[in-house]
Amino acid sequence: MQRRHVVQYGAAGVGAVALMLGVGWWRVDGPGAPKPAGQRPLPLSAMDFRLTDHEGNEVGPETLIGRPTMVFFGFTYCPDVCPTTLSDISGWLEDLGDDAARMNVVFITVDPERDTVEAMAEYVGYFHPAIRGWTGPANQVARAAEGFRASYERVPTEGGDYTMNHTASVFLFDAKGELVTMIDYHEPREFAVPKIRRALTEDVEGAT
């Protein structure tokens, strides 16, 4: 079985996966990727799924309403795109400073067969402490992906193993659970962080 690749967030994490980004683009965002759902994600209030976070708590879309939210789909055996994106997210959260505590940040697995609660807890521990790992039954993961309009598929590899192709963008919602925008894979920090601050600003404006 392929060993999980985990990377400390920050400059060291990005450097460790830099040589593999071309392959990751091909598998996740390039010609080898699953076709995008092509629809706008539902409001969080319209989604319906039940998952478990990396501390064993039952969670669902209602868990996210009330604070701005970032959601990313991936898996712990992901060799490049997932650790790179989670390192990016960790950097964005560092840039936000104290405002990071006002956000939900969730990593939802598309590989629940291997990504147990314990595996998710170990994996997210390598990144910013605000990041939560969610897993659960395959049918509930599918319902979550459907609500977010995320795509994923299992792809056989040599030796009888498999990998996962999946949507690589980060979904950004406001505190009411409405989509604000999406942050693309490889989007520069100078563009990504203002998008997140926009969601935080909408949260403040909605509370006044």
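The entries below go from the whole chain to single residues.

**Ground rules.** The model is predicted, so I noted its limits: local features need pLDDT of at least 70, side-chain atom pairs count only at pLDDT 80 or more, and totals for chains, interfaces and linings use all residues. Residues are numbered from 1 along each chain as its sequence is written, and side-chain values use heavy atoms, with hydrogens and water left out.

**Whole chain.** I found 6 helices and 9 strands in the protein. Both are DSSP runs numbered from the N terminus, helices being H or I with at least four residues and strands E with at least two. Of the 208 residues, 51% count as buried. Buried means under 20% relative accessible area, exposed means over 50%, and partly exposed lies in between (1.4 Å probe, protein chains only). The protein exposes about 9,500 Å², and carbon and sulfur atoms supply 52% of this area. Accessible areas come from the Shrake-Rupley method with a 1.4 Å probe; for residues, only the protein chains shown count as cover. I then looked at contacts (heavy atoms within 4.5 Å). Among those between residues at least 6 apart in sequence, 72% join residues at least 24 apart.

**The sheet.** In what order do the 7 strands of the open sheet stand? I read β2-β1-β5-β4-β3-β8-β9, with mixed pairing. Two strands pair if DSSP finds at least two bridges between them. At the edges stand β2 (58–59) and β9 (179–183), each with a single partner strand, so one side of each has no neighbour in the sheet. Inside the order I checked β1 (residues 51–53), which pairs with β5 in the antiparallel sense over 2 bridges. There T52 stands opposite T135 of β5.

**The hairpin.** Strands β6 (residues 152–156) and β7 (residues 162–166) run antiparallel and are joined by 5 bridges. V155 has T163 in β7 as its bridge partner. The hairpin has 5 residues between the strands, and G159 takes a positive phi near 80°. I also looked at the ring of Y162. The charged end of R114 sits over this ring, 3.8 Å from its centre, and R154 lies over the face of Y162 at 3.6 Å from the ring centre. A charge sits over a ring if NZ of Lys or CZ of Arg is within 6 Å of the ring centre and within 35 degrees of the ring normal.

**Helix α4.** Which residues of α4 (residues 117–124) are buried? They are A119, M120, Y123 and V124. Seen down the axis of α4, they fall within an arc of 120°, so they line one face of the helix. The arc is that of the directions from the helix axis to the C-beta atoms. These buried residues pack against α3 (81–96), β4 (104–109) and β5 (131–135).

**Aromatic rings.** I counted 9 aromatic pairs in the structure. Rings of Phe, Tyr and Trp (its six-membered ring) pair if their centres lie within 6.5 Å; planes under 30 degrees apart count as stacked, over 60 as edge-to-face and the rest as tilted. F72 and F107 form a stacked pair, 5.9 Å centre to centre with 20° between the planes. F72 is in strand β3 (residues 69–74) and F107 in β4, 35 residues apart. F72 counts as buried at 1% relative accessibility, and F107 at 0%.
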